[in-house]
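Open the model in a viewer and keep the selection tool at hand. The stops below say what to select and what is there.

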Amino acid sequence: MAPNGGTCFFILILTSAALAQPADLTVNDKTAKKLMIKCQSKGFPLPQMSLLKSVFNSSDLLAVDRTPEQSSMLLSSFLQVLNSITPGKNNDPINQFAQMNEKMTNRILNCSHLSFMIQKIKNSSDSSSCFLKAFVAPASWTALITQRASNINPDNYNALLWAAKPVLEDVPSETMKLPAKVDRQSMKNMMKMLQEVYKSLTDVQRTRVLNWAKDQILENNFNCTTRPPTDPQASLMLYCKPSLQWLDLESLSILGSYISQLMPEDIDFCPKQKLCEYFLSAQLRSSMYGAAEMGPSLSKKFLQRIQECFGENEFQHHVDKLGPLACYYDAPNLTSDLCRGLLSQLSDCNYTLNPMLRKRLVNCMMSNSSDAKALLHLGSGVTMLSPEQLSALPATNLSNVLQSLGFDLRWTTGQLMTIVRNQLGNKKCDEVSGRDLLALQSVAAGLPTCALKNNKVEEILTDREALKNMSQQMRTGQLKAMVHGLLGKMNPSELVQKLPGPLLRCISLSNLDKANITSLEQVQNKTWSRSQAAYLAKKMFKLKQLHFQRLNSVLQGVTCEMIDNVSDSSVMEMAQAITKTPQWLSKVQARCAAQKLFLTLEKERRDYFKTITEQELDAIPTMLLLHLPPWNVKDLPDSTCQVFLDKMQTANLSSLPLHAPSRPAITQRALLCLSNGKNLSELTMADVSRLGQLLCEVKPSQIQLMAPDVIKFSLRTMAFCSHVPLLHRPELLQMVNQTFGNPSDWSEKTMECLGPLVLLDDNTTSFLPNKPWMKDVLVFLRSRLHLTSNVLQKKLFDLTTSPSSAARRKRETVSGSGSAVSVIEPSEKMIEELGMNNVYWTAPKLEMMSNSTFLATVEILGAISSYNTDQLHVLSNKGVQAFGSVTQMTESNVARLGCITRGFSNSNLEKLPFSLDILEGIAHCGWNDSQMTSVWKSVAKYNNLTVHRMGAAEMVALNRFICGLNSSEISQLSVDAFRDAVGSIDAVQCSSNIKKLLKNLTVSAFGNPSTWTEAQVSDLHSIITGLDATEMASLKPSVFAFLTESCIPHIPPENFAALSVAQLEALGPDNAALLTSGQRAVLSGDQLAAVQRAATGSTAPPQNSAQSDSGAPALMGEGFCILVKPLLLLTTGILLL
């Protein structure tokens, strides 16, 4: 019994091991099972019976009116759930006990019993208690949301909060119900717990928490409400006055990180004095630490109100409390103290919003002093120092700063080379010691490759953490050089055991073959490349050690043949195992596993999916269920709707091809289940939330049939979609305009919320008005978009460079709307702000750039690979003005120029000092064949390199410039070195003649193409494009899924024409989608159909089917209308999306 006579009861339905709650709030064993699976994936051991008995059979439970029989029932319920996630362990005593008690009657558990159990679990230091916490978590959350807090003892309430936390860390948006009413103290405690799970919640959930907290604050503190009159909680309260200042100091403190979800207008309801106290107490900064990035509108509103707290010059003494708001603060007069205080706040700032601010502050601090103390105060701001400034620093001071900083700093190539030169002085490569390398681990990417090949490298192996830190920053050429150096001292078997991920992935297939790998234990807990995984998966398959639940990254190498080889009795176990590590599972593998599972299930029972039960559907991993063919989706019985919706709500659609017929079929089936005989106009926001990512696939015409508030909610939610079908976009944009008005008239906050939908349309994007806040909002949205269009980038360029924007930066005036008619010359601040968007400057405008501006921004400009000829001509001339003629330029100058070097003539390219160390950084710049030849000649001369002396490390460092070698030079390359290097060489794009020569070298290294394995094909990248049609046709079908995407568009069309239907089907969705129109044009009808099946992941309907349906019945405003279409028409239509 709870205090004051209050009792909270939970029905424990032990026949299904489910924890139930009052009728409208059902929590069953699915939640507990999900949480237990998380415990299992983290490697926690299963609990021993001794621990279970201490929790379930304790004398404490007996003391609160529980009989031994009731405790045994609870234990049995727990064991049944545990048994469901540990298949194949039926001989375990724990599972035998669970099986003995499968049929149990209903039992009642009250809050006191639950609290005693929680306390036992909380006091246990046993890591296996994770499973027990998973079991009580759903019941604990049920108690919190269904019972009045005043009826629960405070200690018990806090115990329930602790136990319920795992549920909120893994709960879908719609399932996250919150208590209707809690008292002030309980609300504070609840918010503390909600603060702890903040990072694991979605943006929608965070907003829901904020709105709930606001309701509680209004009702507890002001005895009024803003709930709609239909809400039972609102019936006994007055409606709050619109002017009520509810956001006081206590409320702000309670909200914590959830202040990031406030509306800008909410800040107006905070009394000035209370807001000032909140800011001065530094709570604002601490609340924003770790919170989601606050939008520009709310950030600027906070900043505006906070500045009102202080006089003109007083505010700058408190900038150390700004936190991320510092992004938006433009200090009028910089002093040394102000610079130090403001710089300390920029670590959590989105630097793209105000990139020049950090540089201004750093220069401000360095103008007064460059001693060690000043450098340490810079913190991560040291990356704002130019190479010239870094070079001038005393080596000891710079060394101290490097030791104090972390490993995630963003250095430019020029800075790295300068720092290494500053620290190593004039040391030759063979003079660099292991101690030198360790001291420079934070700037390892700047180390010369030759220094990593000497005998001293072996010394680093004793410091595993340092080796890991270094390898995570290094270029591929450096990694290969280090592995090459270590192979001279150690055998491959030792390296496999000792090397961290990046270095491990540079071990070639030939050396991996020498590593004496005989068991899965040797490789299961390492991160392998795809080609290595393919090699290892085949080896484990031959050794009969392909245990799917332990493969981890090796999973990415599993072929469809290996999946098909799994016995029927083990298919479900395989399916559940591989979907526990979805990051290693490709679309091809997911489709193969799904097909194998579905075929196996249909062997068990005829019409399996027509008669499938809830339990059977729940057992199918969601990731694979998404691949269920449309005709099977249509056949799912209505009795499975709740389970189906639960699974779809948390489904990640990224494993499903964009054009898969299953997408619309599953979406329609989910809507059918959701409506349950109702019209779409009767669906609520909670209903729509249950669709999860499927909402992104719903037709706009169906959304239009919903209630107005549900339409608004749906559109706001769809702004977070990673993909909206192309055919849906025009109608969706029209609905957005009808619902929220013309985007040109939107407020800043509305654009933040709905902007991603507007940005789906290039025409609307290009005509967005030039409002004062537009650039900040688009920059904010850009970081949240999955794909960024060129039109958006050009729009940002126009907003940044328009005369009105430039004037506003100077005098803080507001410009009118409309597009810019002209731009001003490039300045340092503009170039810093534009980043990669500097590509939109015209050549005449680039010509106007001053020499000092070019020098200050050369590495930003040099990072851009898509300049046209006129732009390159201007910029390369600027390079000569800044650094002198090509014969005067240094290696560092060339590295800083980056892609701008492509603007020099071939004769001048041969004169530039290209070191092997800088080639990887410029390989992506879009070089033509003659330019690559000139660069190679320069490299050979400057590095004293000949093809005879070129080892694997040099080939990898040469990168794409291997295309610059002539036929005689390629024929002289070492076959063994090439075999060792090829897997680490970037995707090369050579002339057709050079491709053939490299292919011949590959045949010498790996044999005839007909014998090439999946691992080898994955390693060869674009060299595959050098095969002729006969050779291409000789490749085994299983290797086509391992072709790298970068090579697909470059395969000659006649090669595709020579492929069989089986080979084309094996391409997989991602590869098939990359075929060009020219490649498709030469294919026959059967070949095109095969490519279509590969791209969509579709299969043919059963032969006994009279016709194939388009999926689930389509929903109309006044009920349901079954639309039956042939599958071919459906698939053809889907391809247009």
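**The ends of the chain**

A contact means heavy atoms within 4.5 Å. This is a predicted model, in which local features need pLDDT of at least 70 and side-chain atom pairs count only at pLDDT 80 or more, while totals for chains, interfaces and linings use all residues. Residues are numbered from 1 along each chain as its sequence is written, and side-chain values use heavy atoms, with hydrogens and water left out.

Over residues 1–28, pLDDT is below 50.

**The whole protein**

Switch to a cartoon view. The protein has 64 helices and seven strands; these are DSSP runs (helices H or I, at least four residues; strands E, at least two), numbered from the N terminus. Of the 1137 residues, 55% are buried, where buried means under 20% relative accessible area, exposed over 50%, and partly exposed in between (1.4 Å probe, protein chains only).

**Helix α9**

Select residues 184–196, which form helix α9. Show the side chains of S186, M187, N189, M190, M191, M193 and L194, which are buried. Their cover includes α7 (129–146), α8 (154–168), α10 (203–221) and α11 (249–255). At the start of α9, find the side-chain oxygen of D183 that comes within 3.2 Å of the backbone nitrogen of Q185.

**Salt bridges**

Which residues are linked to E219 in a network of salt bridges? Select K181 and R227, which complete that network. A salt bridge is a side-chain nitrogen of Lys or Arg within 4 Å of a carboxyl oxygen of Asp or Glu. Between E219 and K181 the closest N and O atoms are 3.9 Å apart. E219 is in helix α10, and K181 is in the loop between α8 and α9. Between R227 and E219 the closest N and O atoms are 2.5 Å apart. R227 and E219 are buried, whereas K181 is partly exposed at 22% relative accessible area.

Last, select D986 and R960, whose side chains meet in a salt bridge (3.6 Å, N to O). D986 lies in the loop between α55 and α56 and R960 in the loop between α53 and α54, so the pair ties together parts 26 residues apart in sequence.

How values were computed: Expected span 1.5 Å × (residues − 1). Polar contact = N/O pair within 3.5 Å; in protein donor to acceptor, adjacent residues only side chain to side chain. pLDDT = per-residue confidence, 0-100.
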